[in-house]
Amino acid sequence: MRSLLAVALALLAAAAMAAEVAPEARRSGYDLASPEVRAMQDDDTANPGMLWVSQGESLWAKRAGAAALSCQDCHGEARTRMKGVAARYPAFDAALGRPIDLEQRINLCRTERQRAESLAWESEELLALTAFVARQSHGLPIAVDDSPELKPFSALGDELFHRREGQLNLSCSQCHDDNWGKRLAGSVIPQGHPSGYPVYRLEWQSLGSLQRRLRNCMTGVRTEPYEYGAPEAVALELYLMERARGMTIETPAVRP
Amino acid sequence: MNEAIRRVVGEAEPQPGKVRLELPSIVENGNTVPLAVSVDSPMTEAEHVESIHIFNQKNPQPYVAAFHLGARAGKARVSTRIRLADSQRVVAIVRLNDGSFWSDSADVIVTLAACTEQ
Amino acid sequence: MARVLINLPESAKRGEVIEIKTLIQHPMETGYRLDSNGAKIPRDIINRFTCTYNGEEVFHAELFPAIAANPFIAFSTLATESGELVFSWADDDGQTQTESRQIVVE
C-alpha cells in the first residue's frame with residue numbers, strides 16, 4: 001500500500017495531462033505479460049480458463065427452467081450462431097432502454113425465455129456460459145455498436161474513466177492512459193483493454209468477469225466499488241470496449 | 001526444507017547434475033508458477049528415474065510434489081504449476097533406480113499483484 | 001464431478017513416447033487462508049494423481065498445498081499396446097474422480 005501511495009504522490013506531482021493511448025499504440029495485456037503467462041494463455045490444452053469454457057459448452061445444451069429450454073433449443077449451435085456476439089457487447093437493449101453486458105444478456109434469457117432463476121454474478125455457471133459464448137468470438141475484433149442511443153452511456157463511461165476517485169484520488173486514465181508499461185508494486189501496468197474477458201486471473205486462482213476486475217481496481221484506489229450490474233459499471237464496460245474497438249478478442253485470457 | 005529432503009534421501013548425499021529444474025527467475029504472481037523438471041536418463045529398464053521430489057524453502061510446508069516415474073515413462077520430464085508464497089529457492093531431488101540421488105535448484109523472485117480484492 | 005481437460009494423441013507407434021497433459025478444476029485450498037471472519041479455511045486439496053495403462057500404473061504424483069489451483073500435470077508414457085489409459089485424482093476426503101481415454105497403438 002505504501003508503494004501505491006508513493007506512485008499516487010508521484011503522479012500528482014508530475015503535472016500529468018490525460019493522454020489517451022493512440023489507436024496504433026494500443027497493446028493488449030497479453031503483450032505486456034511475462035512469457036510464462038503468455039504460454040499459459042496460448043495453449044488451449046493447458047489454459048485454466050478452458051475448464052470454464054468446457055463447462056459452458058455443456059451448460060449450453062442443458063435444459064433449464066419452467067420452459068425446459070436450453071440455450072441450444074433457441075440459438076442452435078454456438079460455434080456458428082454465437083460467433084461475433086461477445087465482440088459487440090455491451091449492447092443496447094431496447095426494452096430496458098440502456099446497454100447491458102453479456103452476463104446480463106445471458107441472465108435475461110435465463111429469466112425471460114427459460115423462466116429459470118438468474119445466475120449469480122461470479123457463479124461457476126454464469127462464468128462458464130459467458131466464457132463459452134465469448135470464446136466463440138475468439139480471434140475476432142471488438143466491434144461494439146456506434147449507434148446514437150449508446151452515446152449518453154459511453155459518455156458516462158468516458159467521464160468515469162477520467163474521474164479521480166478514492167482515498168488515493170486516482171482516475172483509471174492516470175494509470176492506464178498515462179502510465180501503462182510502467183510498474184506498480186512489481187506488476188506492469190496494462191492499458192486496461194477488456195479483450196480477454198472472462199479472464200483467468202492468477203491472483204483470483206479462478207476465472208472472473210470484467211466487473212470483478214474493475215471492482216479490484218476501485219478497491220485499489222480505495223473507493224467504493226460499483227455494485228455488480230450497476231449502470232455505472234456497464235457504462236464503464238461500454239466505454240472500455242469502445243476504447244478497445246478493433247482489438248482482438250482473446251477469451252479466455254490469462255493475466256496476473 | 002533440509003529436514004524434509006533428509007527424510008527422502010536418508011543418509012545419501014544428493015549430487016548436483018543429471019536433473020534440470022526449470023522455473024522463471026521472476027514471476028508476476030506467486031499463485032501459479034510454471035515448473036518443469038527433466039532428467040538426463042535413457043529411461044530403460046536398466047537405467048531410469050524412480051521418482052522426482054520437489055521442495056521449497058519458504059512456504060508453510062517444504063513439500064511441493066513427488067512424481068513417480070519408472071521405465072515406462074519413456075521420457076523423464078514432468079511439468080506442473082506451483083505456488084510460491086515469497087521469493088525463495090526451489091529444489092528438485094531425483095532418485096534413480098540404482099539408488100543414487102541427484103539435485104538441482106532454482107531461485108525465484110515473486111512479485112505481488114497491484115490491485116487486489118482486499 | 002470437477003471439470004477435466006486431458007490432452008493426448010488418439011494413436012501412436014509402438015515404442016513412441018506419448019506426452020500427456022491434464023488439467024482439473026479444483027481450488028486446492030491450502031488450509032492456510034483466512035476467511036472474512038479471520039477463521040482458517042480448512043485444507044481441501046487433490047493429494048494424489050494416478051495414471052494406469054491397461055490396468056498397470058505408469059505414473060503417479062503426490063501433491064501438496066503448494067501445487068497451484070486447477071492442477072496442471074504434464075508427463076509422458078511409452079506407447080506399448082492399444083488400450084485404455086485411466087486417470088484418477090483423489091482428494092483429502094478420499095473421494096476419487098476417474099476419467100479414461102482410449103489409445104490405438106500400431
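## Confidence of the prediction

Two residues are in contact if their C-beta atoms, placed from the backbone, lie within 7 Å. Where pLDDT is low, the predicted coordinates should not be read in detail.

This is a predicted model, in which local features need pLDDT of at least 70 and side-chain atom pairs count only at pLDDT 80 or more, while totals for chains, interfaces and linings use all residues. Residues are numbered from 1 along each chain as its sequence is written, and chains are lettered from A in the order in which they are written.

## Two helices of chain A

Helices here are DSSP runs (H or I, at least four residues), numbered from the N terminus. The axes of α9 (residues 151-162) and α12 (residues 231-243) of chain A, lines fitted to C-alpha atoms over the stretch in contact, come within 7 Å and cross at roughly 90°. The two helices are therefore roughly perpendicular (65 to 115 degrees) to each other.

Among the residues making this contact are A:F153 and A:L156 of α9(A), and A:L236 and A:Y239 of α12(A).

## Chains A and C

Eight residues from chain A and ten residues from chain C form the contact between them.

## Contacts of B:I52

Leaving aside neighbours within four places in sequence, B:I52 is in contact with residues including B:V37, B:F67 and B:V94.

How values were computed
Axes are lines fitted to C-alpha atoms, for helices over the stretch in contact, and angles run from 0 to 180 degrees between N-to-C directions. Angles under 35 degrees count as roughly parallel, over 145 as roughly antiparallel, 65 to 115 as roughly perpendicular and the rest as oblique.
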